[in-house]
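Open your viewer and keep the selection tool ready. We will go stop by stop, selecting one part at a time.

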Amino acid sequence: MNDLKNLCTQVRRDIVRMVHAVNSGHPGGSLGCTEYFVALYGEIMEYNAANFDMDGKGEDLFFLSNGHISPVFYSTLARNGFFKVDELNTFRKIDSRLQGHPTTHEGLPGVRIASGSLGQGMSVAIGAAEAKKLNNDNHLVFSLHGDGELQEGQIWEAAMYAAGKNVDNLIATIDANGQQIDGSTDDVLPMGDIGQKFAAFGWDVMTIENGNDLDSVIAGLNEAKSRTGKGKPVCIIMKTEMGAGVDFMMGTHKWHGVAPNDDQLADALGQLSSTLTDY
Amino acid sequence: MKYTDSGSKDTRSGFGAGLHELGKSNPNVVALCADLTGSLKMDAFKNDFPDRFFQTGIAEANMMGIAAGMTIGGKIPFTGTFANFSTGRVYDQIRQSIAYSGKNVKICASHAGLTLGEDGATHQILEDIGLMKMLPGMTVISPCDYNQTKAATIAIADYDGPVYLRFGRPKVANFTDPNEKFEIGKAQLLQEGKDVTIIANGHLVWKALQAADQLEAKGISAEVINIHTIKPLDDAAILKSVRKTGCVVTAEEHQMNGGLGDSVAQLLATSTPTPQEFVAVNDSFGESGTPDQLLEKYGLNEASIIAAAEKVMGRR
């Protein structure tokens, strides 16, 4: 457990260093979802990082729907052996496999779908879950979505399908940080009670109250796993803090898609004592 | 005439028959439909392979995403809905989740073009081929009759990559060899000629053969080529023909912008500049009417092809 907590700190270092290096990218949501990614790849999912295979038969699968938080995805994949950690150095640069938003186009191991244009990942995850059922593969499909992303209509098409067609090998997590580019979700477009909405669509809904506490996230994801296979898709409302771990990035939407300058980077890294080796 | 109508059939039924064949021959083929099973002639597949049929309801964006996801795990999804809802309505889903992601999805689109008829312009998409051919890596196919649509449906299951397969609603002449294997990207030389090349696809291929017949009566020898695959284009077949005839008419049930004629013009402009006339819809929406009335009003019939052939021969 201490190893995973240390890994959270390292992933956060990777995130701020990656976006600083190219003066672009999305640190806020990435920092907020760090515990989720570290838990998912460090404790929850079964997968084969050394021999990445697109079909992923006999493995659990993950789909990132809110592709702009690619820094946390890339760091987690690298730190779990999908590709060399040094490659994080190429993030958003020309000729890189680490595109601004995740893609399959350059063949980066660990990525199974392009995302970035929001609202599409739940449908894709449902398709992969249906394929697993056809293949008699009892592994699970996980997906992550931003709360602001739920303003996209396709999400609700997918939510209706997953419940209506009993896609019960799917665990969709909503990163409920209450922020989006233009402001708080309540300011931009109030969505009401997200959990109640998913419940009304027929999902089994649960909450992780502190999505930035690793133990809570692991416990919540294990709880979600135990609820699969019972006829309903599972939705986790995971409450997080955008920018978690870097004090000046927290409590605001302003670090959604802005990179820190040199001084801010130094400040952030000072708050994240190095635990493993920086790339 | 070399080709005879063996009995009019709708191309969508060719798709349905091909899909049913695939159900029997390829266990990885799955079918998805957005509440148009009857219209798409997918009932036979649905009835015989219910575990591999996925009714998504009226939610085409979700259907495209599910199809993309099902390829992960080795399935070969065929989506079925009208051409309008298969392309324009879900362009970004196809762009990101299917084309850019390189997913092996077969987008099967019925009721394309004006010949949808009485439903009118909301459903008569005339831009779909343009939308699809602009996507990198997308194969775009518009077969000409029942037999060819069935063969194309079967053929695309063996091709690894995203495909857009376009067909239509009305019963039209069925004249190609039912035993002919469909080759993606391979032009079909239907009739040899020396004075003018007529390149057509979809429902306009039969019209082109009829037009060639009437041109022959006027002493004009027309070569008729079916370019069922708009992308990748059979450059060699087109260039070979126009180097012989020196002029070309393209004919299609689509906007002039973005269609088959566009692709042919681009090829010729960069290799063998050649006078070309376009039989296509000229920057206009359609309207309600019978298929024949619409094809006449929008200039997509034999008379239009004949007039275009005579005009383009005069420009050589």
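In what order do the seven strands of the open sheet in chain B run? Select them and read across: S3-S2-S4-S5-S7-S6-S12, with mixed pairing. Helices (H or I, at least four residues) and strands (E, at least two) are DSSP runs, numbered from the N terminus. Two strands pair if DSSP finds at least two bridges between them.

This is a predicted model: local features need pLDDT of at least 70, side-chain atom pairs count only at pLDDT 80 or more, and totals for chains, interfaces and linings use all residues. Residues are numbered from 1 along each chain as its sequence is written, while chains are lettered from A and ligands numbered from 1 in the order in which they are written.

**Stop 1: the sheet of chain B**

Strand S3 (53-55) and strand S12 (229-231) of chain B each pair on one side only. Neighbouring strands are turned by 20 degrees against each other on average, direction ignored. Axes are lines fitted to C-alpha atoms, for helices over the stretch in contact, and angles run from 0 to 180 degrees between N-to-C directions.

Now select strand S2 (29-33) of chain B. S2(B) pairs with S3(B) in the parallel sense over three bridges. Find B:Leu32: opposite it, in S3(B), stands B:Phe54.

Two residues are in contact if their C-beta atoms, placed from the backbone, lie within 7 Å.

**Stop 2: two domains in chain B**

Colour domain 1 (9-172) and domain 2 (188-314) of chain B. Domain bounds come from an automatic or database domain assignment. The two centres, taken over C-alpha atoms, are separated by 25 Å. Where they meet, 26 residues of domain 1 are in contact with 31 residues of domain 2. The domain 1 side divides into twelve nonpolar, ten polar and four charged residues. Ala, Val, Leu, Ile, Met, Phe, Trp, Tyr, Cys and Pro count as nonpolar, Asp, Glu, Lys and Arg as charged, and the others, Gly among them, as polar.

**Stop 3: where the chains meet**

Show both chains. Here 22 residues of chain B are in contact with 28 residues of chain A. Which element gives the most to the chain B side? Select H3(B): it gives eight residues.

H6(A) and H3(B) pack at an angle of about 70 degrees, with their axes 8 Å apart. That makes H6(A) roughly perpendicular to H3(B), a term for angles of 65 to 115 degrees. Show A:Gln154, A:Glu157, A:Ala158 and A:Tyr161 on H6(A), then B:Ala61, B:Asn62 and B:Gly65 on H3(B): these make the contact.

**Stop 4: the sheet of chain A**

Select the open sheet of five strands in chain A. Its order is S1-S2-S3-S7-S6, with parallel pairing. Why is one side of S1(A) and of S6(A) left without a neighbour in the sheet? Strand S1 (61-64) and strand S6 (204-208) stand at the edges, so each has a single partner strand. The twist averages 20 degrees from one strand to the next.

Finish on S1(A) and strand S2 (141-146) of chain A, which pair in the parallel sense over four bridges. Click A:Phe63: A:Ser143 in S2(A) stands opposite.

Notes: Parallel < 35°, antiparallel > 145°, perpendicular 65-115°, else oblique.
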